[in-house]
Amino acid sequence: MDKLKSPRTGGLLILMAIIAVLPAFLDNAFQVEIAILIFFNAIVCIGLNLLIGYAGQISLGHGAFVGLGAYGSAILTAHQGWDPLLSMVAAATFTGVLCFVIARPILKLKGHYLAMATLGMGIIISIVINTEDQLTGGPDGMYVDGLSFMTSQIHWYWLIGAVLVFSVWASLNLIHSPIGRALRAVHGSEVAAEVVGVDTTQYKVLIFVVSGVFASVVGSLGVYYSNFVTPDIAGFFHSIELVVMVVFGGMASTFGAVVGAAILTILPQVLTFLHDFEHLVFGLILMLTMIFLPKGLVPTLADLFKKGDKS
Amino acid sequence: MSLLKVDNLSIVFGGVKAIDDLSFTIEPGKIHSIIGPNGAGKTTLFNLITGVYTPTTGTVLYENEGVTGFKSYELAARGMSRTFQNLQIFFNMTAIENVMVGAHLHLNRGFFASFFGLPTIKEGDRHCRETCLELLDFVGLRHYADTDTDSMPYGALKRLEIARALASKPKILLLDEPAAGLNPAESREIDEVIKKVAERGITVVLVEHDMKMVMEISDHILVLDYGRKLTEGTAQEVRNNPDVIAAYLGG
């Protein structure tokens, strides 16, 4: 019984329950589409949160890794005729190796410098995708066949929902392990972590690779779902959007990443009635959140509940 | 056999020789103190020994192995740990989690085992929590176990750093001003903890300004001034050395 009450197991069960009953409340294909989009964003944010929230390393280039996954899969399937699953694994491996190679020099930097380096890396990848038009179709994007066995949209809902639950579960496992503590120690004090035996560079590289692979897998799944990909996916604005979701939902909170992704995916849809003022209101909501909930939505609410328990 | 041997160690920071051709040895199983006026190079020396800085010239031998230029985590794996003059607490974690990071080297750190939450990881963590609770008990902080470190008092955090260092099961523990900023009562508590650590057979190297404490608990004292060795010996010998008196009082 105690296990059910722990935020870890309890949160996971609540998430599964929401995913299970949600389709009953979705009236049309558009709403299902938004739900799937939320799942996609949430999975990237879970990986990104391991890097930003737990290990304390910023990345302003994660859209590029989603793009690598998407284009890697698209190119291998459409041009080379590879099996989609195999293409996805190949794209994820490529992204992982790329992350590994660039992580060491990049993660030596701190703060603004790290932000600039990841930003630059993202822009380079985005430019390559835009200009290699024989391979990628350039700014027009490219078309890919979907998965033959996924015949309806609701199949996708269940598949990506399951991947999301798995990601949350794995992320929680990782955090509640010696590796997770080492990551948080890197955030807390690198020098103190080193003198008790934590190879901080190794852990920063590890989590950079893990978060890159999360992003790549989402990119691959996304391209099979929508059958189409454009370079926007690897662009600067997508990267920023992902970081904002993590920060808004709450740093160092896996469920925060999911909630942040959900709210910031839905919000622009809800605000469309404001037409020209949409972005203004969107920005205002973000600013107010950062001023009044600096720790992010979920951790702030969790603190409130904790205080409520004590009194 | 000496545990730690420092030979002709120097480090230059933009023309300033913070440590200047320093040689000394540390024997196992004693309390050693390093004292000296402000700016004598005590903390710099700690940073050189523990791999935070790389020396300009000179060598450090640990258990007869040349470890000059080794990284801190490599030294930790060989049984060397330390605390810091300016607190280096993981403020994003609870007290017990801080100590459990200290046990990092003695836990299963396999990525896939952690990712899939295998029972060995959970079992290891449960056992680790028990031993770390004992360590918190050892430094008198058991009641703080699940407290967030950002709401703990300064004196408790000083002792938490010692517990965290002990969790790495060191053979040699370097304490950088463990009593700095503490009131006399807290200072005495630290005193007791250090003695108990030495009784466990851990070699303690202490940098401290509290002379009463240093004279009382040290088996051996090394005096630094301007990065050089002024003298070394027992508390009695050091206390009566005219150079030491001159360095501290001016003259």
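**View 1. Contacts within chain B.** Among contacts in chain B between residues at least 6 apart in sequence, 66% link residues at least 24 apart; two residues are in contact if their C-beta atoms, placed from the backbone, lie within 7 Å. The model is predicted: local features need pLDDT of at least 70, side-chain atom pairs count only at pLDDT 80 or more, and totals for chains, interfaces and linings use all residues. Residues are numbered from 1 along each chain as its sequence is written, while chains are lettered from A and ligands numbered from 1 in the order in which they are written.

**View 2. The fold of chain B.** Chain B contains ten helices and ten strands, which are DSSP runs numbered from the N terminus (helices H or I, at least four residues; strands E, at least two). The C-alpha atoms of chain B occupy a box of roughly 65 × 40 × 35 Å along the principal axes.

**View 3. The two domains of chain B.** An automatic or database assignment supplies the domain bounds. Domain 1 of chain B comprises 4-79 + 170-249, and domain 2 comprises 92-156. Their C-alpha centres are 28 Å apart.

**View 4. The side of domain 1 that touches domain 2 in chain B.** Eight residues of domain 1 of chain B are in contact with six residues of domain 2 of chain B. On the domain 1 side, the elements giving two or more residues are α2 (72-77) and α7 (184-199) of chain B. The largest share, four residues, comes from α7(B). By class, this side has four nonpolar, one polar and three charged residues; Ala, Val, Leu, Ile, Met, Phe, Trp, Tyr, Cys and Pro count as nonpolar, Asp, Glu, Lys and Arg as charged, and the others, Gly among them, as polar.
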